[in-house]
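Here are some notes to read alongside the model. Please keep the structure open while you go through them.

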There are 2 protein chains.
Amino acid sequence: MFRCALTSLALLGSAIGFTVDSRRTSNGSLSYKDPSITPKERAQDLLERMTWAEKVTQLGGIRRAVSRTNGKPVFNETSFNAIRKTQNGKLGLGLQFNHVNDVLPIVNDLRAQQVDESRLGIPYITIADSVNDIWISGGTLFPGTVSMSSSWNLPLFEQVVAVIREENLAIGVQWVLSPEVDLAKDPRNGRNGEMYGEDAYLVGEFATKYIQTMQEKDENGWVKVATTIKHWVYGTGSGGVNRASMQGGINHILNDLAPPYVKAIREAKPLALMASHSSVDRIPLSINKYLLQTVLRGILGFKGLIMSDANAIEYLTTESKVASSRSGAALKALRAGLEHELHPGGNGLFTELIYQANETDIVALVDTSVLALLEIKFTTGSFDRPLPTLEQANRTLRSKEHLDVNRNITRESIVLLKNDGILPLRRSEVGSIAVIGPYADIFNAGMYAACNATDPAYGASFRRSLEREIGTEKVHAAAAAQEAGFAVVMLGSGFGTFNPATFNNERTDGEGYAHVDLGFPGQQQQLLDAVLNTGVPTILVLSSGQTFLLGKSTQPSGAILHSWLSGEFTGDALVEILFGETNPSGKLTVTVPQANGAFPVAYDYLPSDDVGGFGSATLYDWHWPQLTRYSPLRFGFGLSYTTFAFGEAEAHSSAATKSHNATSVIVTTSLTNTGGRAGKEVVQLYYRPKFSVIEFPVMKLIRFTKIELGACESTDVRFEVPKSELGYFVNGEWHVDDGGYSFWIGNSSRKEDLELVEVTI
Amino acid sequence: MFRCALTSLALLGSAIGFTVDSRRTSNGSLSYKDPSITPKERAQDLLERMTWAEKVTQLGGIRRAVSRTNGKPVFNETSFNAIRKTQNGKLGLGLQFNHVNDVLPIVNDLRAQQVDESRLGIPYITIADSVNDIWISGGTLFPGTVSMSSSWNLPLFEQVVAVIREENLAIGVQWVLSPEVDLAKDPRNGRNGEMYGEDAYLVGEFATKYIQTMQEKDENGWVKVATTIKHWVYGTGSGGVNRASMQGGINHILNDLAPPYVKAIREAKPLALMASHSSVDRIPLSINKYLLQTVLRGILGFKGLIMSDANAIEYLTTESKVASSRSGAALKALRAGLEHELHPGGNGLFTELIYQANETDIVALVDTSVLALLEIKFTTGSFDRPLPTLEQANRTLRSKEHLDVNRNITRESIVLLKNDGILPLRRSEVGSIAVIGPYADIFNAGMYAACNATDPAYGASFRRSLEREIGTEKVHAAAAAQEAGFAVVMLGSGFGTFNPATFNNERTDGEGYAHVDLGFPGQQQQLLDAVLNTGVPTILVLSSGQTFLLGKSTQPSGAILHSWLSGEFTGDALVEILFGETNPSGKLTVTVPQANGAFPVAYDYLPSDDVGGFGSATLYDWHWPQLTRYSPLRFGFGLSYTTFAFGEAEAHSSAATKSHNATSVIVTTSLTNTGGRAGKEVVQLYYRPKFSVIEFPVMKLIRFTKIELGACESTDVRFEVPKSELGYFVNGEWHVDDGGYSFWIGNSSRKEDLELVEVTI
């Protein structure tokens with residue numbers, strides 16, 4: 001264990017000390033220590049004081065401070081100091097299963113030591129993955145990204161991000177490696193659970209909300225937590241494999257993949273961006289000057305710091321083999337536009353730049369890169385904020401308010417895919433329930449959650465939640481299905497935090513794992529078959545970041561729910577839904593394929609990709625047989641315990657006026673809750689121009705809103721879309737068509753759930 | 001029926017007449033009727049004499065002269081004449097199931113009528129698909145394209161193409177819609193059987209041979225048959241669907257898809273090219289000026305005529321919706337670079353250009369387009385050749401020499417994928433054989449063959465061939481497997497020429513059909529299971545243009561043969577192989593996937609697409625689980641009844657000398673037939689630079705040769721590759737790396753079948 005001679009308290013004093021005492025240099029010029037001048041000015045001033053070696057050390061950092069052995073946190077001082085000598089720009093907390101009470105004292109000492117021992121007092125900035133919680137045990141554990149996007153509830157998501165932000169701040173994390181705006185277009189990709197879904201507009205809305213909320217400024221004008229939008233740019237790698245190559249041309253990239261970046265960069269200004277691991281058109285993003293400079297900096301106007309993905313610079317020479325040495329890889333990456341290296345262990349490749357002090361272009365690029373990092377540090381107050389105390393952290397983490405927000409989003413994250421009337425259960429009619437399937441006992445939080453699924457102290461599995469609700473004696477195991485007279489089967493796939501020591505041997509989902517088969521892993525289908533064959537009424541519950549084939553073999557289930565990746569209240573929320581205490585309101589953000597080879601299956605394919613069109617194709621059309629492109633479990637779909645009816649839709653275009661400075665399209669309808677109980681509905685607006693200059697998808701989401709209505713309540717719905725938003729990029733130029741447009745409004749992307757209105761603009 | 005007042009004989013005289021009498025115009029200037037001046041000069045002269053309307057009619061033609069009803073040819077004069085008025089550039093024969101004896105007299109009359117009735121005596125040029133035979137019944141029917149490429153025997157393939165050429169010439173077909181150089185990269189694509197396989201080098205070799213042979217010049221200097229290289233540019237459409245969109249950037253297109261074009265354009269000069277139906281990067285090829293002009297004309301230097309694919313210009317407004325009207329679509333296509341329209345029925349869209357006589361740019365583009373077509377007509381002697389006679393046609397078609405070539409290529413087109421020792425059968429040990437499975441009785445020639453699979457007069461199904469060989473009484477049906485003590489199960493998929501009247505309802509492969517499941521269609525797997533469960537020794541024979549999953553469920557078969565798409569002697573060749581009269585020598589030209597969602601699976605993936613690499617991956621690597629990218633049934637693999645051994649390989653680079661005007665790499669080894677019987681082996685050379693500027697595949701085929709050796713015979717093998725061939729395109733510029741290269745030599749692309757040699761250049 002690392003022991004630091006200085007206590008946190010002493011360091012805290014010293015940290016505050018220098019911000020107060022050192023506003024000016026001796027000659028009276030501006031000083032980087034002066035918080036009253038701009039972050040840019042401070043960064044520039046500091047840069048000018050730094051030696052070449054000091055600059056190069058800022059280009060990397062330490063990703064994993066505290067590891068874990070035999071269930072206990074371990075800090076290796078020797079290896080830490082070895083890395084720190086050449087890479088000290090940032091600090092990562094280490095393995096996420098360590099508890100805040102163990103980690104914070106160690107990390108605080110490390111932070112203080114760095115300020116104290118560095119010539120110019122330059123602190124680390126603490127950086128962490130932050131997907132469904134803080135990157136350390138002890139915080140509020142939300143459900144996974146795909147779960148939260150299934151809520152389609154942006155105001156609620158904003159509350160979630162505010163919680164994660166406050167919990168990050170409470171442990172001194174000033175920079176997160178989120179949001180991930182990759183599109184879940186290929187059901188084989190093991191990382192789909194980390195994504196907001198298949199639709200670029202929806203992803204852009206969630207990501208922009210994430211960045212705006214995370215980067216909110218505090219009373220000092222400091223950004224609370226900097227964000228990293230990623231991975232520029234990724235849609236589907238070859239074979240659905242995460243790091244594999246893509247073929248994309250500029251129209252594909254700008255129209256299919258870039259919209260979340262366009263929106264986030266314009267409206268939320270993420271302070272950093274991570275380049276993807278993939279090659280696009282055979283050029284790895286880490287050396288893809290065209291996509292980093294011409295497109296990202298030029299066309300999209302990104303101004304923040306560009307960092308590498310983990311090990312990406314090394315992979316240039318070890319995997320894609322586009323550089324013949326480590327130093328060659330570093331030079332190519334720097335010259336292409338990478339400014340900071342994420343390198344989880346050992347020596348990063350940017351440390352090789354130390355030997356380039358006499359290369360003018362490299363010196364200039366290193367200056368730019370260091371400046372970008374220093375500006376984030378100053379912008380987030382990393383030079384100025386006191387170190388967090390454990391006491392304050394424990395007051396903030398898992399507060400009642402935080403847990404309430406978590407319960408709320410969890411309730412809306414579960415999607416009801418099928419219900420033949422079996423749900424909700426009437427408590428009076430349900431005696432015992434047989435709970436069957438491995439995922440009833442697994443806390444399936446995903447790979448980027450600070451949670452060990454086998455730790456019973458944390459979160460509730462579905463079985464535990466149900467036992468709490470109806471009593472242990474009424475929850476039966478598999479053999480008792482017939483006897484219980486009622487079964488819940490919970491199947492899925494997961495990142496095997498089930499057994500952290502050997503997690504790479506057991507997992508069936510998550511980063512690095514692609515699904516060549518979309519059936520249930522292992523013997524789960526046989527288990528389901530056995531239960532369904534008993535004829536006992538059965539509810540199928542899915543748990544995973546992925547979609548599964550839900551065909552003939554699952555059809556006899558009376559109801560199907562997808563709970564995606566669990567938060568700590570997913571078990572409870574499932575029980576609430578089973579018994580009707582919560583009315584499900586989640587909607588699919590990824591389309592469920594109908595056959596193993598039927599992908600891409602996302603709803604927004606190009607018209608020439610499926611000439612059969614909406615459900616009218618025959619075998620002689622140019623497509624997959626049996627209409628498999630048109631999935632009934634389609635983007636935007638999800639059932640409720642109540643019913644909703646739309647009024648007649650209307651669309652008109654409004655010319656620019658004094659109050660509207662642009663031509664817009666206004667689509668209106670009304671929504672009525674025609675069922676017997678309160679519920680929430682997601683109203684969705686899709687469109688396409690009738691004719692376009694280059695191919696345009698058969699339809700694209702352009703607006704959505706989630707509305708709560710009591711039984712028999714009604715409300716007007718009105719969407720306004722500026723004409724300028726209806727365009728698309730043609731070879732890098734934004735183009736908006738004049739003429740006819742089709743708009744569809746309804747509660748899913750399925751034709752049968754939509755009303756078509758046409759308008760000429 | 002159409003009745004023409006003129007007889008073929010009279011027309012023949014008149015056709016010859018004008019070539020002799022009209023060499024000069026009255027003022028003595030050059031005349032298009034003069035065969036002694038160049039085709040270009042003749043075309044230019046003729047163009048200058050043509051009216052606007054005459055020009056526009058040359059931009060299209062009639063695709064389907066003679067149709068078929070109730071098993072009889074039908075000619076509809078009214079509809080023919082309606083189309084002919086506005087489109088008379090070319091003539092197609094019609095439905096391929098009609099017999100030459102019925103079709104040739106009708107078509108000859110039509111050809112004569114056109115010359116006779118047109119003001120300037122401009123003939124049609126007769127055009128036809130020509131994949132595994134002429135586009136009419138009565139010719140020699142070869143196996144499908146994927147079958148013939150599986151021979152890896154270029155000299156033999158040259159003989160095949162010469163046969164098809166002579167048979168085309170004998171019926172007056174001067175222009176074929178082949179070769180297809182699309183790459184069979186996605187096992188879901190229903191057109192893979194029409195392709196030469198997954199590897200761009202192999203495809204380029206076959207396509208270049210096809211074009212060189214087909215376009216051979218006759219004694220008059222006329223090209224015998226013009227070719228159409230197609231479809232520029234196609235690899236894998238979204239979802240494996242044939243006409244669907246692609247995302248490709250320029251490096252993907254030039255390095256992965258274009259190599260067959262590069263080679264064919266440089267070495268064989270195809271007179272025409274067909275643009276693909278697909279959108280690339282959202283821009284349909286029919287209006288993709290960048291790919292048609294900048295890349296195809298500019299970078300690749302293509303000089304021939306560019307034609308549309310069938311209906312492609314219409315689809316611009318009806319499907320991809322990038323043009324709002326038929327005339328708009330025509331203008332966009334013409335302006336992008338299309339010069340001729342393929343429009344199977346009714347009015348083509350280029351007929352709309354008749355209204356553009358006053359648009360200077362359109363007039364110039366139409367002139368260029370007409371000139372391109374006229375030049376093909378003059379180059380191929382279409383103005384000068386006499387009409388073919390039925391007598392001559394019948395002497396040429398299906399001559400003994402032609403049938404012998406067919407038997408030879410068919411024997412080498414079948415790939416032995418597995419053999420546990422059951423093959424070859426010893427006649428003395430085989431009593432009866434149970435022949436089981438639908439494809440034992442189907443003549444599965446593919447969609448572009450002039451063959452009706454239900455017509456017993458044509459070609460032999462496997463069952464018929466076997467009955468001929470061992471006697472009807474020894475060939476048993478399914479129920480008798482146990483009794484026979486030996487079974488051959490023949491499974492597959494096909495284009496349902498099985499029932500031509502309703503072929504679109506029964507087919508399971510072919511154009512327009514994509515496979516979301518790579519298992520056997522229908523109940524075939526259950527049939528195989530039933531036979532294998534009897535424990536009777538079983539040989540599995542596959543028949544289809546596609547690959548199937550060959551996993552656990554097919555493993556109990558003692559041997560597996562893939563016969564691909566049948567030619568008329570496929571049944572016979574299978575029987576020869578079963579009894580060891582022919583030693584199998586075919587090799588896979590497409591890799592067989594190991595799981596339903598495991599694609600792309602082609603051997604030449606990029607290094608970053610499967611970081612696990614050659615067989616060393618674990619579950620934590622970035623790939624599909626269970627090493628499914630590395631298929632044991634891999635490109636280049638195929639078994640023999642004998643065994644071959646390679647000597648030690650050597651590689652060295654030779655500097656440019658007087659006899660070598662370029663630096664080359666020379667790889668040598670020896671090959672010995674170490675088994676007990678004569679056989680043929682395909683020696684394959686693969687390579688990659690150790691480091692490259694942009695990503696380069698893990699290996700690429702660069703040379704191959706097929707060698708026949710008697711038992712115990714040995715031979716030296718030597719490949720020489722100029723350094724200039726080892727490069728690749730970087731953003732349109734050819735680049736060759738200096739430094740280290742890896743070469744692999746062996747008899748498949750599987751690591752275990754290859755020897756690595758390294759060389760520095």
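Which residue of chain B comes closest to the rotation axis? The first point below answers this, after a word on conventions.

This is a predicted model, in which local features need pLDDT of at least 70 and side-chain atom pairs count only at pLDDT 80 or more, while totals for chains, interfaces and linings use all residues. Residues are numbered from 1 along each chain as its sequence is written, chains are lettered from A and ligands numbered from 1 in the order in which they are written, and side-chain values use heavy atoms, with hydrogens and water left out.

1. **The symmetry.** Chain B superposes on chain A by a rotation of 180° with 0.0 Å of shift along the axis, at an RMSD of 0.0 Å. This is the relation of a two-fold axis. The superposition is by least squares on the C-alpha atoms of residues with pLDDT of at least 70 in both copies. Gly249(B) is the residue of chain B that comes closest to the rotation axis, with its C-alpha at 2.1 Å. Both copies use the same surface: 100% of the contact residues of chain B recur in chain A. Contact here means heavy atoms within 4.5 Å.

2. **Aromatic pairs.** Rings of Phe, Tyr and Trp (its six-membered ring) pair if their centres lie within 6.5 Å; planes under 30 degrees apart count as stacked, over 60 as edge-to-face and the rest as tilted. The count over all chains is 41 aromatic pairs. Phe378(A) and Phe383(A) are stacked, because their ring centres are 4.0 Å apart and their planes are at 10°. Phe378(A) is buried at 1% relative accessibility, and Phe383(A) is buried at 3%. Buried means under 20% relative accessible area, exposed over 50% and partly exposed in between, with a 1.4 Å probe and protein chains only.

3. **A pair across the chains.** Phe599(A) and Phe599(B) are also stacked, with ring centres 5.9 Å apart and planes at 20°. This pair crosses between chains, and each partner sits in the loop between α21 (570–578) and β18 (644–646) of its own chain. Phe599(A) is buried at a relative accessible area of 2%, and Phe599(B) is buried at 2% relative accessibility. Helices (H or I, at least four residues) and strands (E, at least two) are DSSP runs, numbered from the N terminus.

4. In chain A, ring pairs join Trp152(A), Tyr201(A), Tyr603(A), Phe635(A), Tyr686(A) and Phe704(A) into a cluster. Arg427(A) lies over the face of Phe579(A), 4.4 Å from the ring centre. In chain B, the charged end of Arg407(B) sits over the ring of Phe569(B), at 4.0 Å from its centre. The rule asks for NZ of Lys or CZ of Arg within 6 Å of the ring centre and within 35 degrees of the ring normal.

5. **Helix α21(A).** Is this helix enclosed or exposed? It is largely enclosed by the rest of the structure, because 9 of its 9 residues are buried. Among them are Asp572(A) and Glu576(A). The cover over the buried residues includes α16 (400–413), α17 (462–470), β15 (487–492), β16 (538–543) and β17 (559–562) of chain A. Gly580(A), with a positive phi near 80°, follows α21(A).

6. **Strand β15(A).** This strand is mostly covered, with 6 of its 6 residues buried. In a regular strand the side chains alternate between the two faces of the sheet. On one side of β15(A), Ala487(A), Val489(A) and Leu491(A) are buried, and on the other Val488(A), Met490(A) and Gly492(A) are buried. β15(A) pairs in the parallel sense with β13 (433–436) of chain A over 3 bridges, where Ile436(A) has Val489(A) as its bridge partner. β15(A) also pairs in the parallel sense with β16(A), over 6 bridges, and there Met490(A) partners Val541(A). Two strands pair if DSSP finds at least two bridges between them.

7. **Helix α7(A).** The 17 residues of α7 (154–170) of chain A should span 24 Å at 1.5 Å a residue, and the end C-alpha atoms are 24 Å apart, which agrees. The expected span is 1.5 Å times one less than the number of residues. α7(A) is mostly covered, with 12 of its 17 residues buried, including Arg165(A) and Glu167(A).
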